[in-house]
Amino acid sequence: MADRPLPPTRRPARAALYLRCYPADPAGLDYQRAALERLARQRGLPVPGAFLDDGVRSGDRRPALERLLERAARGWVNVVLVPGPFVFSLDDRSARATVHRLEALGCTVLELPGRGALPHRLPVHARTA
């Protein structure tokens, strides 16, 4: 991923956030969700839909991630906010594969600043049709 703004588009930004915690950590999930919602506001994105796999191991079936990928494939999501790629998997190769899969589906994956694993993009502003 390059450090550049989203390409111009006629479609509005449709944001989602994805979180996975194991073991279950409702307080940690709430904290990260609030941080991702702040990031969305800072980038001019709409309120992101939340996809949460709380208490799910990265190697297990992740129903919320499956729903997110399905919605991305249908074009219903084009920006995914995460605290870092580790939410997809603790295995770096697997986490990168999920990021690449989302990008191949037309999504931009934005990470919270300070994590350092994904290149950050310049500010994104919601676009209207």
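Predicted model: local features only at pLDDT ≥ 70, side-chain atom pairs only at ≥ 80, totals over all residues.
Which elements cover the buried residues of α3?

**Whole chain**

Start with the whole protein chain selected. Its secondary structure consists of three helices and four strands. Going along the sequence, these follow the pattern β-α-β-α-β-α-β. The chain has 129 residues, and 42% of them count as buried.

Now consider contacts between residues at least 6 apart in sequence. Of these, 76% join residues at least 24 apart. T108 belongs to strand β4. With a relative accessibility of 7%, T108 counts as buried, because the cut-off for buried is under 20%.

**Helix α1**

Next, select residues 26–42, which form helix α1. The 17 residues of α1 should span 24 Å at 1.5 Å a residue, and the distance between its end C-alpha atoms, 24 Å, agrees.

Colour G28, L29, Q32, A35, L36, L39 and A40, the buried residues of α1. Seen down the helix axis, they fall within an arc of 145°, so they line one face of α1.

The buried residues of α1 pack against β1, β2, β3 and β4. Turn to the other side of the helix, where P26, A27, D30, Y31 and R41 are exposed. Just past the end of α1, select G44, which has a positive phi of about 75°.

**Helix α3**

Move to α3, at residues 92–104. This helix has 13 residues and reaches 18 Å from its first C-alpha to its last, close to the 18 Å expected at 1.5 Å a residue. Select its buried residues A95, T98, V99 and L102. Viewed down the axis of α3, the buried residues lie within an arc of 100°, so they line one face of the helix.

Show what lies over that face: the cover includes α2, β3 and β4. On the face turned away from the buried side are the exposed residues R93 and A104. After α3 comes G106, with a positive phi near 95°.

Hide the surface and look at the side chains inside. In soluble globular proteins, nonpolar side chains tend to be buried together. The largest nonpolar core here has 18 residues, of which Y18, L68, V80, V82, F88 and L102 touch the most other members. Elements giving two or more residues to this core are β1 (15–21), α2 (63–73), β3 (79–82) and α3 (92–104). The most come from α2, which gives five.

Select Y18 and display its contacts. Leaving out residues up to four places away in sequence, Y18 touches L36, F51, D53, R62, A64, L65, L68, L81, V82, P83, V87 and F88. Another core, of 15 residues, lies apart from the largest one; A13, L17, V79 and L81 are among its members.

**Salt bridges**

How many salt bridges are there to find? The count comes to three.

- Select E37 and R33, whose closest N and O atoms are 3.3 Å apart in a salt bridge. Both residues lie in α1, four residues apart, about one turn of the helix. E37 is partly exposed, with a relative accessible area of 23%, and R33 is also partly exposed, at 31%.
- Select E66 and R61, whose side chains meet in a salt bridge of 3.2 Å, N to O. E66 counts as partly exposed at 38% relative accessibility, whereas R61 is exposed at 58%.
- Select E70 and R74, whose side chains form a salt bridge of 3.7 Å, N to O. E70 is partly exposed, with a relative accessible area of 40%, while R74 counts as exposed at 52%.

Definitions and conventions:
Residues numbered from 1 in each chain as written. Heavy atoms only, no water. Core = buried A, V, L, I, M, F, W, Y, C linked by side-chain atoms within 4.5 Å. Buried < 20%, exposed > 50% of the residue type's maximum accessible area, 1.4 Å probe, protein only. Contact = heavy atoms within 4.5 Å. Salt bridge = Lys/Arg side-chain N within 4 Å of Asp/Glu carboxyl O. Expected span 1.5 Å × (residues − 1). Arc of directions from axis to C-beta.
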